[in-house]
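User: I'd like to go through the salt bridges in this one. Can you take them pair by pair?
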Amino acid sequence: MFSFAHLNLPILVGTNWNLYSLYSQYGEVPTILIGLAIILFTGFLVTRLTKLLKLPNVTAYITAGILLGPWVLGAVDPVIISHMSFLSDVALSFIAFGVGRYFSLATIKATGKKVFLITILESVLAGILVTLVIGFAFPDKGWSFALLLGAIATATAPASTMMTIRQYQAKGEFVNILLEVVSLDDAVCLICYTLAITVINSTQGGNSTTMDIVMPIVWNVVFIAVGLLFGYVHSKLMSPKRSTDNRLILTLAMLLTIDGACAIVGISPLMACMVFGATYINLKKDQVLYTQMDAFAPPIMCIFFVMSGMNMDFGEFAIVGAIGIVYFFVRILGKYAGAWLGCRVYREEKKVRNNLGLALIPQAGVAIGLAVLGQRMLPVEIGNEFYAIILCSSVLYEMIGPGLAKLALVKSGAICMESLKNPQQNPSEEPKEVIPEHVQGEDLPPLSEAPSCGGKKQ
């Protein structure tokens with residue numbers, strides 16, 4: 001029976017508080033349940049603070065994780081964290097499935113070649129620059145390290161940029177292009193990351209045989225076909241009479257099946273889950289399922305990102321320095337140059353091509369999730385350093401993102417002077433469909449409702 005006399009308060013020395021010892025002595029079940037409750041409550045409470053600073057929820061979750069982690073409070077048993085690594089696969093499968101919705105053939109026909117070219121250039125150029133600069137500047141880290149950093153550099157988090165658009169009621173050609181680019185950006189990242197992992201799996205180890213090189217590629221092709229098959233089957237299972245509960249149960253079962261099967265053969269489930277989502281939307285034209293999944297996902301995303309913050313190893317910061325700084329600035333350069341080049345090819349107005357790249361700087365949810373997977377691919381010491389670089393830079397990107405987005409919108413003429421002087425006070429309260437960066441915890445305007453101000457809608 002519980003008694004306060006049983007509590008042995010630890011000696012608080014520095015940051016090594018280990019508060020989890022207060023409740024872990026009562027068995028495995030209380031330890032797990034109380035630990036998860038602490039994660040969710042703390043994640044929520046910190047969002048109350050970051051909301052005042054107009055920062056996305058993912059920043060709050062990471063901050064909460066750092067506070068709860070072994071470097072500060074030690075409020076959650078490390079055993080819980082070590083046994084929940086599977087959560088990264090589940091969280092990323094949710095994100096990848098959501099990204100698939102933007103491969104609707106109707107959307108692709110509407111946007112045309114321009115948005116695709118701009119998206120590919122701003123994503124891929126950033127990835128190539130980061131890979132080459134890191135690879136040549138830090139050869140001791142290896143090209144696997146550089147390649148994974150480059151693949152993650154392609155991602156953009158749209159939430160902070162979109163909040164700025166709504167707050168200042170920005171309109172026009174610049175906003176139309178921006179909305180379409182950020183909606184496709186993470187799809188390019190998932191593809192690049194899958195290819196990077198395939199290359200690394202094929203070449204790692206000095207005694208690789210031909211089969212070692214070929215099989216990861218073969219399995220990725222096989223699971224693309226599995227994604228197509230699952231999308232077709234799912235379109236048949238999701239009848240109009242199916243209840244919301246059963247729709248979520250079946251969708252989650254499909255995603256977990258893909259995750260588990262991919263884990264068996266040792267490949268990433270990202271591509272298969274994205275193809276699954278893209279096939280379903282094209283066959284069923286059902287946006288409601290994605291909205292239901294977005295409503296179901298936040299607690300899982302909260303736990304995942306809080307745990308990501310707990311895994312932060314501050315002991316790595318001393319050696320992260322130079323690489324982290326190089327990654328931070330080279331990615332910005334690549335994003336800006338790629339967006340400028342894409343707009344230049346299609347002869348966009350100077351105010352569009354000179355400012356689009358500034359609004360593509362933020363990076364958060366998808367990048368952090370992929371960093372967890374990348375950490376597994378690398379030796380322990382380098383993997384921890386790799387993870388710390390992405391986590392720290394993502395927080396910094398999200399902090400400077402809103403300011404750069406506002407600057408880009410003002411310089412492009414997308415924000416009228418009246419809106420600049422009188423911004424909306426609570427833009428996040430407007431009900432909107434969610435762009436697939438739902439891990440941000442912010443509602444964003446969908447492509448179909450992109451504002452227009454005399455500009456030609458794409």
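User: Which residue forms a salt bridge with Lys141?
Analyst: Glu385 does, in this predicted model. The closest N and O atoms of Glu385 and Lys141 are 2.8 Å apart.

User: OK, the whole structure now. How many salt bridges does a search find?
Analyst: Three. Among them is the one between the side chains of Glu122 and Lys335, at 2.9 Å from N to O.

User: Which helices hold Glu122 and Lys335?
Analyst: Glu122 belongs to helix H6 (residues 105-137) and Lys335 to helix H15 (residues 317-345), so this pair joins parts that are 213 residues apart in sequence. Both residues of the pair, Glu122 and Lys335, are buried.

User: And what about Arg247 and Asp286, how do their side chains meet?
Analyst: In a salt bridge, with an N to O distance of 2.5 Å. Arg247 sits in helix H11 (residues 244-265). Asp286 is in the loop between helix H12 (270-284) and helix H13 (288-296). The pair links distant parts of the chain, 39 residues apart.

User: Arg247 and Asp286, buried or exposed?
Analyst: Arg247 is buried, and Asp286 is buried as well.

How values were computed: Residues numbered from 1 in each chain as written. Predicted model: local features only at pLDDT ≥ 70, side-chain atom pairs only at ≥ 80, totals over all residues. Heavy atoms only, no water. Salt bridge = Lys/Arg side-chain N within 4 Å of Asp/Glu carboxyl O. Helix = DSSP H or I, 4+ residues; strand = E, 2+ residues; numbered from the N terminus. Buried < 20%, exposed > 50% of the residue type's maximum accessible area, 1.4 Å probe, protein only.
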